[in-house]
Amino acid sequence: MKIRDLIQDNFLIDHPETSALVPFIFRDVQNRYYDILCKDYSEENSFEGARELDLKARKEGFTSLWLGIFEAISILSFNSVRFLEISYKDDATLQHYRRAKNFITSYFAKKEVGNNLEDIKKLIFDKQFLKKIFYSDNEGQEFVLGHNGASFYVGTASTKTGERGGTVKGVLFTESAHFPDSGIISANEIIEGTQNMVTVGTGIIVHESTANGFNHFKTRWDQATLGEINYKNRFFGWREFYTPEQFEMIKMGFSDKRKIPQEYPETAEEAFLTSGQPYFDQLALKCYMDNVQQPIKEGTIYE
Amino acid sequence: MNKWRQYRQIERGEFFLIGGDCSQGGKDFNACQFMSKTKLDIPLVYHSRGVAAQMTREIFPIIEKIFDITEIKPMVALETANGGASEMDTLNVLNRLSKYSLFKMPSIGKTESPESKILGYVTSGGTRPILVGDGKNSIDGKIVRIYDKPTIKEMYAFIINKQGKPEAEIGANDDLVMSFNIVWQLYQICKIPDTKLQPAMRIMSPNLDPYSTYV
């Protein structure tokens, strides 16, 4: 079964407005991104080797999409694959843990009781049923599936040490641009240490985040642009998900208007806010940016 | 990223100004903006990591080829910091065929201005505000056509810091911005030479592929 079909046919997700559990039907932006992934990697091979760097506007559903992919692979795998998510703060970590767990339980509940949504919802909170699915379940930390030993665990980047030990099939850094530097370890050290838990050239490593100024995420973004690291950088601005009317409402919610391009960027360039006042006239730069061209020739001629 | 980015063909009769910012290696970049004073645009950009000597080695044959095409000697100025002064001397030694001119830093702010003998653009406490401020006026006024996206991206990250000094954001580079500022100074200072005085030298540089269509 294809991963997208498995997710959409079986997984329930908490609705962003009502919190009710509803079928996880991909939004347009999620479908577009998924199509890109299928083009650049192999869906049949569980996106093996994916190295993704996703810069996006807020609440476009990238975390849920990747959690869904991780859990679908966990269900389908014959092996005890292990996935990890590092989030930027404790409450997000717990929320994502529960979301991933809901994906698993809704899948098995549907197998048990069929397509009736109410019946599925009743079953996924049944303790006896949960014991059948999970070999172990430590709330907010790790669950292990009973049928194949696959596991998913979560961590928060604010802890004093990064993840280093062991091997994982995939790691998701959620809002990694917002990982804090502690006095003991920097955000970048957490990321570098953790991503090396994925064996070179295999598995999945994903960074997805809104921007946060000129920090390690911007450096990584620029390196990916220059081809200095093996990540594919993707940009999904507000126009990918929101209508102009919705965007106007979003803007009205910001008292600090300068933050709008960071949280809901239109271009990747404007997402990375500077710490000081821009030196050049921004409208002039926008005009220049609108008129940049692709080189007719590029490269090194004497090599 | 490629070291050279060319945005249009270069034509006979164009006067080129070449402004460069040198690097001492590491994460810093060498950058050179090739501006056509005739067309008021920047059709060619050099941008590469490495030390200044590497840039000299790579831009030298291109500068000569620009003369071969335009038949007008381009004017070259590297910022003297970060090894730029010695690279200007190297370019002076290499200029055996006299295919380009080297910029001599004028005295700024003096009532008596003896002819300068310093090759390259000297950035100091006195000249930097002029260099950077004039560049801003040019950009804000949208005077020059710039096709190069990395240059504009660097300009977005050029800020006024908390002390009020214009500079690159922490973690950002300003090599393309500063090389633009230098080439804009050349634009303001250097006049288009009288082409009748320029001998149309047909001698090709020995290390240049004469069949290359580059530049």
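Buried residues have a relative accessible area under 20%, exposed ones over 50%, and partly exposed ones fall in between. Keep those cut-offs handy for the views below, and remember that everything here comes from a predicted model.

**View 1. A salt bridge within chain B links E58(B) and K3(B).** The side chains of this pair come together with N and O at 2.9 Å. E58(B) belongs to helix α1 (residues 52-70) of chain B, while K3(B) sits in the segment before β1 (4-6) of chain B, so the bridge ties together parts that are 55 residues apart in sequence. Are these two residues buried or exposed? E58(B) and K3(B) are both buried.

**View 2. In chain A, salt bridges with shared partners join D40(A), E52(A) and R234(A) into one network.** Zoom in on R234(A) and D40(A): their closest N and O atoms are 2.8 Å apart. R234(A) is part of strand β10 (residues 232-236) of chain A, and D40(A) is part of helix α2 (residues 28-40) of chain A, so this bridge ties together parts that are 194 residues apart in sequence.

**View 3. E269(A) and K149(B) meet in a salt bridge.** The N-to-O distance for these side chains is 3.9 Å. Helix α11 (residues 268-271) of chain A supplies E269(A), and helix α4 (residues 149-156) of chain B supplies K149(B), so the pair joins two chains. E269(A) is buried, with a relative accessible area of 19%. K149(B), on the other hand, is partly exposed at 36%.

**View 4. R49(B) and E228(A) form another salt bridge, with N and O at 2.2 Å.** How many salt bridges are there between chain A and chain B? The count is three. Polar contacts turn up across the interface too: 11 residue pairs, both partners at pLDDT 80 or more.

View 5. Between them, the two chains bury about 3,800 Å². Of that buried area, 61% is on carbon and sulfur atoms.

**View 6. An open sheet of three strands is built from both chains, in the order β11(A)-β8(B)-β9(B).** The strands pair in the antiparallel sense. Which strands are at the edges? They are β11 (277-278) of chain A and β9 (166-168) of chain B, each of which pairs on one side only. Where the chains meet, β11(A) and β8(B) pair over two bridges. P278(A) has I159(B), in β8(B), as its bridge partner. Further along the sheet, strand β8 (residues 158-160) of chain B pairs with β9(B) over three bridges. There, F158(B) stands opposite A168(B) in β9(B).

**View 7. D148(B) sits in the loop between β7 (145-146) and α4 of chain B.** How buried is D148(B)? Its relative accessible area is 0%, so it counts as buried. Its side chain makes a polar contact of 2.6 Å with the side chain of R5(B). A second polar contact, this one of 2.4 Å, joins the side chains of D148(B) and Y7(B). Neighbours within four places in sequence aside, D148(B) is in contact with V292(A), R5(B), Y7(B), V45(B) and L176(B).

Technical notes:
Residues numbered from 1 in each chain as written. Chains lettered and ligands numbered in written order. Predicted model: local features only at pLDDT ≥ 70, side-chain atom pairs only at ≥ 80, totals over all residues. Heavy atoms only, no water. Pairing = 2+ DSSP bridges. Helix = DSSP H or I, 4+ residues; strand = E, 2+ residues; numbered from the N terminus. Salt bridge = Lys/Arg side-chain N within 4 Å of Asp/Glu carboxyl O. Buried < 20%, exposed > 50% of the residue type's maximum accessible area, 1.4 Å probe, protein only. Buried area = accessible area lost by both parts, 1.4 Å probe. Polar contact = N/O pair within 3.5 Å; in protein donor to acceptor, adjacent residues only side chain to side chain. Contact = heavy atoms within 4.5 Å.
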